[in-house]
Amino acid sequence: MAEPAIGGAQSVDRALALLGLIGRHSAQGVTLSALVAQSGLNKATVRRLLLALMRAGLVEQAAESRAYHLGEEAYLLGLMAQGRHGLLSLAMDSLQRLARSTGDAAFLSVRRGLYAVCLHREDGAHPIRTYALMPGAHHPLGVGAGSLAMLAALPDAEVDAVIAATADELRDSYPRLGADDLRAHVARTRADGYSINPGLIFEDSWGLGVALHGPDGRLMGALSLAAIESRMRAPRRDELLHALRSEAGKIENRLAQGSPRQP
């Protein structure tokens, strides 16, 4: 009687692993062949698990590209989880204030293993915008201002482990952010107390970021701003950094109080 239970648990583990892979590429979608290669499972098994996830509404397939994306049910589950893991609720007022006062885009990101995930983007009123980071986007830790702020907040051993594990992806997809470059950016972020992305991912797309910590010192996420280069030059950059740190402090106070809002 024990064998079916083990097989069932293994199927659930594999299906959830596929769901995670799809989530990392949900905006652009991921192909069946890519899922087979990344999961290490055979094609028949991946197909069977995908069909189960699609029946549950957790995954959907684009009609034209045939690529797989997160489904509506995954989105709804995320909204329901927000009530328990409510960092976004705690940060929303700050994101809106930042976007309104600066005119630029404000972001909340969190760590998920080796990656940073953008939870929310709040656009300001300035007509020229940068679209380097969108909600749901995944990048290796260290890629982008908020992501770099989180990487720099980790212990040295963990920083080394993250960089080693993502070295191939950094080399292939982010040529200006090799392992040695990233270590130098981590050192600068720690010395300055904030991170800066001077157009390293997309030309003319700059960012500033600060890490968010819980009352126990645990890394909770990062708050960041993005704008075109001309809007991040000194002395305006100092003004943006002051606003960013001020709102980060308010979010951390809310985390300490366990309340979704503070006066």
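This note goes through a predicted model of one protein chain, from its overall form to individual residues.

1. Basis of the note. Because the model is predicted, local features are reported only at pLDDT of at least 70 and side-chain atom pairs only at pLDDT 80 or more, whereas totals for chains, interfaces and linings use all residues. Residues are numbered from 1 along each chain as its sequence is written, and side-chain values use heavy atoms, with hydrogens and water left out.

2. Overall form. The protein chain contains ten helices and eight strands, where helices (H or I, at least four residues) and strands (E, at least two) are DSSP runs numbered from the N terminus. Its radius of gyration is 20 Å, close to the 18 Å that the globule rule gives for 263 residues, so the chain is as compact as a globular protein of that length; the radius is taken over C-alpha atoms, and the rule is 2.2 Å times the number of residues to the power 0.38. Along the principal axes, the C-alpha trace spans about 65 × 40 × 40 Å.

3. Surface and interior. Of the 263 residues in the protein chain, 44% are buried, a term that means under 20% relative accessible area, with exposed meaning over 50% and partly exposed what lies in between (1.4 Å probe, protein chains only). The accessible surface comes to about 13700 Å², and carbon and sulfur atoms account for 55% of that surface; such areas come from the Shrake-Rupley method with a 1.4 Å probe, and for residues only the protein chains shown count as cover. Among contacts (heavy atoms within 4.5 Å) between residues at least 6 apart in sequence, 54% join residues at least 24 apart.

4. Helices α6 and α9. The axes of α6 (residues 145-152) and α9 (residues 179-192) come within 9 Å and cross at roughly 80 degrees, which makes α6 roughly perpendicular to α9. Axes here are lines fitted to C-alpha atoms, for helices over the stretch in contact, with angles running from 0 to 180 degrees between N-to-C directions; under 35 degrees counts as roughly parallel, over 145 as roughly antiparallel, 65 to 115 as roughly perpendicular and the rest as oblique. From α6, Leu 148, Ala 149, Leu 151 and Ala 152 meet Leu 182, His 185, Val 186, Thr 189 and Arg 190 of α9. The residues of this contact divide into six nonpolar, two polar and one charged (Ala, Val, Leu, Ile, Met, Phe, Trp, Tyr, Cys and Pro count as nonpolar, Asp, Glu, Lys and Arg as charged, and the others, Gly among them, as polar).

5. Backbone points to check by eye. A cis peptide bond, with omega about 5 degrees, joins Ala 234 and Pro 235, and Pro 235 lies in the loop between β8 (219-227) and α10 (236-257). Arg 66, in the loop between β1 (59-61) and β2 (68-70), has a positive phi near 65 degrees without being a glycine, and its relative accessible area of 47% makes Arg 66 partly exposed.

6. Two buried residues. Leu 133, in the loop between β4 (115-122) and β5 (138-140), is buried at a relative accessible area of 18%, and, leaving aside neighbours within four places in sequence, Leu 133 is in contact with Phe 107, Ser 109, Cys 118, Arg 121 and His 139. Gly 207, found in strand β7, is buried at 4%, and residues that Gly 207 touches include Ala 145, Ile 196 and Met 232.
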